[in-house]
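Open the model in your viewer and get ready to select residues. We will go stop by stop.

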Amino acid sequence: MRKVDPDKHDARVRQILDAARACFAEKGFHQTSTAAICARAGMSPGNLFHYFSSKQAIIAAIVDGERRDVAEYFSSAMQAADLLGEILAFMDMILALAADKTFAGLALEIVAEATRDPEIGARVSRNDVELRSALQALITAAEERGQVGRALPSADAATWIATLIDGIFSRVGIDPDFSPKAHSSTLRLMITRMLCADAA
């Protein structure tokens, strides 16, 4: 039996997912064919289906990858000395991602697909719950260190930060003149005031 080279396997998966992300962002999920993904990835359909059974499986893998990225970010952030700084840095990263047309287009496509496909919808909902839980844990830890206030319950603060994130991507989708990075200082000020209203 031929042994699978894990590094080669992972590289192929990344190659497919990168190609799919670009195609989905440009044309949407339903207008993108597996043939288009194969062409972008530079591989045959047989190769693609060796790694993913369907286009839906590719979409699910992209959503699952975002979940891992967020979990890794907050796991590292919890070890930092300045937790408010980590929250603000996370929002700077969100603005940078929103400024990336491919990423922003893909994010909006994922939200749209979540309303049409129950399996993708369940994954997106799970990601949202985990993001808000991670934000809440970070805010709670910052409260315990006296780095932020307690005027707003941490769960509510996390929900509103997540809502701001959703709004940033929606604004990018509807306003071609909106420049996310240009609003970094305003966003930082809003979140700092929200979290530090009664900080010790």
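This tour visits cysteines and then aromatic rings in a predicted model.

**Stop 1: the cysteines.** A disulfide is a covalent bond between the sulfur atoms of two cysteines. How many disulfides does the count come to? The count is 0. Select C38 and C23. The nearest cysteine sulfur to C38 is that of C23, 9.5 Å away. A disulfide needs the two sulfur atoms within 2.5 Å, so C38 is in no disulfide. C38 is buried, at 4% relative accessible area. Now select C196. Its relative accessible area is 22%, so C196 is partly exposed.

**Stop 2: F24 and F29.** The whole structure holds 5 aromatic pairs. Select F24 and F29 to see one of them. Their ring centres lie 4.5 Å apart. The ring planes meet at 85 degrees, so this pair is edge-to-face. Is F24 buried or exposed? F24 is buried, with a relative accessible area of 0%. F29 is buried too, at 2%.

**Stop 3: F103 and F169.** Select this aromatic pair next. The centres are 6.0 Å apart, the planes are at 45 degrees, and the pair is tilted. Show the helices as well. F103 sits in helix α6, residues 101-114. F169 sits in helix α8, residues 154-174. F103 is partly exposed, at 26% relative accessible area, whereas F169 is buried, at 9%.

**Stop 4: a cluster.** Finish by selecting Y73, F74 and F90. These residues form one aromatic cluster.

Notes: Residues are numbered from 1 along each chain as its sequence is written. This is a predicted model: local features need pLDDT of at least 70, side-chain atom pairs count only at pLDDT 80 or more; totals for chains, interfaces and linings use all residues. Side-chain values use heavy atoms; hydrogens and water are left out. Buried means under 20% relative accessible area, exposed over 50%, partly exposed in between (1.4 Å probe, protein chains only). Rings of Phe, Tyr and Trp (its six-membered ring) pair if their centres lie within 6.5 Å; planes under 30 degrees apart count as stacked, over 60 as edge-to-face and the rest as tilted. Helices (H or I, at least four residues) and strands (E, at least two) are DSSP runs, numbered from the N terminus.
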